[in-house]
Amino acid sequence: MKSLLNIAGMWLVLPALWLSFACTNKSDTVIAANPVLDRDLRNIDSDDNANTDEADDLASLPAAFSHFSDEVEVYRDGDWVVIQSTGIPDHASPYFGNGDSRYEAYNGSNAAFRLNPNSIAEQQFTLRIPLAPSKAASHQATPLGTIGLAVNGVAIFNQYAGPDQPLTNEINSFDQYNGHPQRTGVYHYHIEPLALTAARGRDALIGFLLDGFPVYGPEENGVEVSNADLDEFHGHFGPTADYPDGIYHYHITDEDPYINGSGFYGEPGSISH
Ligand SMILES: [Zn+2]
Ligand SMILES: [Zn+2]
């Protein structure tokens with residue numbers, strides 16, 4: 001009997017509470033409701049992609065795109081491959097900062113190493129690169145900043161520290177995996193990403209540049225590739241494990257310009273972040 005009374009009481013009190021809340025906080029309630037609604041809609045979108053669209057899209061992509069790590073989202077959109085990444089490396093770095101579980105003090109071989117003042121920050125990269133890349137009629141110079149993405153989602157930069165400035169001094173701030181962050185926290189590789197070549201092999205696919213052409217490591221068929229083996233864009237045409245019929249591809253070498261030479265071989269897509 002007592003509990004019945006309580007339940008009956010609740011039914012009287014609760015609507016009254018709700019009414020008073022709704023009246024006195026009407027504007028707050030409306031403002032608060034919209035972000036929640038937006039977030040729910042976004043979740044529904046991304047879940048759809050993960051379960052159905054993305055699987056379809058991955059199936060229609062060249063097999064080479066399966067090399068991207070799970071943290072990187074890759075899907076097809078018409079004639080484009082869309083690649084989304086936070087840009088956070090999947091390996092340790094002194095640039096994560098002390099106290100971060102991913103922090104690892106410098107233990108590389110460069111006696112002149114000095115930490116730059118920046119630290120790694122999460123990005124929202126969306127790259128759109130051609131699904132079927134082809135040689136450009138006129139070759140665009142690569143910009144400073146992100147010119148491609150490694151298979152672990154990390155940005156690839158060109159061979160300059162600034163406008164026409166070689167990497168000479170900047171190299172001393174590369175961590176033990178050959179990456180470092182710039183001022184806004186974009187962690188990036190200008191030269192061989194040592195964590196990737198160690199884990200996947202020195203002849204492995206390392207990433208893609210914005211023009212849709214793949215980047216391979218510094219070895220091919222067990223032989224070290226040198227700049228002399230490559231054209232002015234730092235690539236050549238030939239078969240690879242992922243493209244047995246042959247494709248134009250860049251190679252990383254251990255001397256300047258390291259990953260890319262005098263601009264993009266193909267027409268670059270776009271990047272937003
Ligand atoms: Zn840099
Ligand atoms: Zn090659």
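Visitor: Is aspartate 164 buried or exposed?

Guide: This is a predicted model, where local features need pLDDT of at least 70, side-chain atom pairs count only at pLDDT 80 or more, and totals for chains, interfaces and linings use all residues. Residues are numbered from 1 along each chain as its sequence is written, chains are lettered from A and ligands numbered from 1 in the order in which they are written, and side-chain values use heavy atoms, without hydrogens and water. Buried means under 20% relative accessible area, exposed over 50%, partly exposed in between (1.4 Å probe, protein chains only). Aspartate 164 has 66%, so this residue is exposed.

Visitor: Where does aspartate 164 lie?

Guide: Its phi is positive, about 55°, although aspartate 164 is not a glycine. Strands here are DSSP runs of E with at least two residues, helices are runs of H or I with at least four, and both are numbered from the N terminus. Aspartate 164 sits in the loop between β6 (160–162) and β7.

Visitor: What is the relative accessible area of asparagine 221?

Guide: Asparagine 221 is not a glycine either, yet has a positive phi of about 50°. Its loop runs between β12 and β13 (223–224). Asparagine 221 is exposed, and the relative accessible area is 75%.

Visitor: Which residues supply the protein donors of the zinc ion (ligand 1)?

Guide: Donors are N, O and S atoms within 2.8 Å of the metal (3.2 Å for Na, K and Ca); water is not among the atoms, so sites may look incomplete. Here the donors lie 2.0 to 2.2 Å from the zinc ion. Their spacing along the chain is E-x9-H-x7-H-x1-H. The donors are Glu170 (OE), His180 (NE2), His188 (NE2) and His190 (NE2).

Visitor: What arrangement do the four donor atoms around the zinc ion (ligand 1) make?

Guide: Four donors count as tetrahedral if all angles lie between 85 and 135 degrees; four count as square planar and six as octahedral if opposite donors are over 155 degrees apart and all others between 65 and 115; anything else is irregular. The angles around this zinc ion are 90 to 162°, so the arrangement is irregular.

Visitor: How many residues apart in sequence are the parts tied together by glutamate 170 and histidine 180?

Guide: Both residues are donors of the zinc ion (ligand 1). Glutamate 170 lies in the loop between β7 (165–166) and β8, while histidine 180 is in strand β8, so the parts they tie together are separated in sequence by ten residues.

Visitor: Which side chain joins that of histidine 180 in a polar contact of 3.0 Å?

Guide: Histidine 180 is buried because its relative accessibility is 2%. A polar contact is a pair of N or O atoms within 3.5 Å; within protein, one must be able to donate a hydrogen and the other to accept it, and residues adjacent in sequence count only if both atoms are side-chain atoms. One such contact, of 3.5 Å, goes to the side chain of histidine 190. The 3.0 Å contact goes to glutamate 170.

Visitor: How far does the side chain of serine 93 lie from the backbone nitrogen of tyrosine 95?

Guide: Serine 93 lies in the loop between β2 (80–85) and β3. It is buried, with a relative accessible area of 0%. Beyond four places in sequence, serine 93 has contacts (heavy atoms within 4.5 Å) with residues including Arg102, Asp175 and Tyr187. The distance to the backbone nitrogen of tyrosine 95 is 2.9 Å.

Visitor: What spacing do the donor residues of the zinc ion (ligand 2) follow in sequence?

Guide: The protein donors are Glu220 (OE), Glu220 (OE), His236 (NE2), His249 (NE2) and His251 (NE2), at 2.0 to 2.6 Å. Glutamate 220 lies in strand β12 (residues 219–220) and histidine 251 in strand β15 (residues 247–251), so this pair ties together parts 31 residues apart in sequence. Histidine 251 is buried, at 1% relative accessible area. The spacing is E-x15-H-x12-H-x1-H.

Visitor: Which strands stand at the edges of the open sheet of four strands?

Guide: Strands pair if DSSP finds at least two bridges between them. The order is β1-β2-β3-β16, with antiparallel pairing. Each edge strand has a single partner, so one side of it lacks a neighbour in the sheet; these strands are β1 (73–77) and β16 (270–272).

Visitor: Which residue in β16 is the bridge partner of leucine 127?

Guide: Strand β3 (residues 125–130) runs antiparallel to β16, and three bridges join them. The partner of leucine 127 is isoleucine 271.
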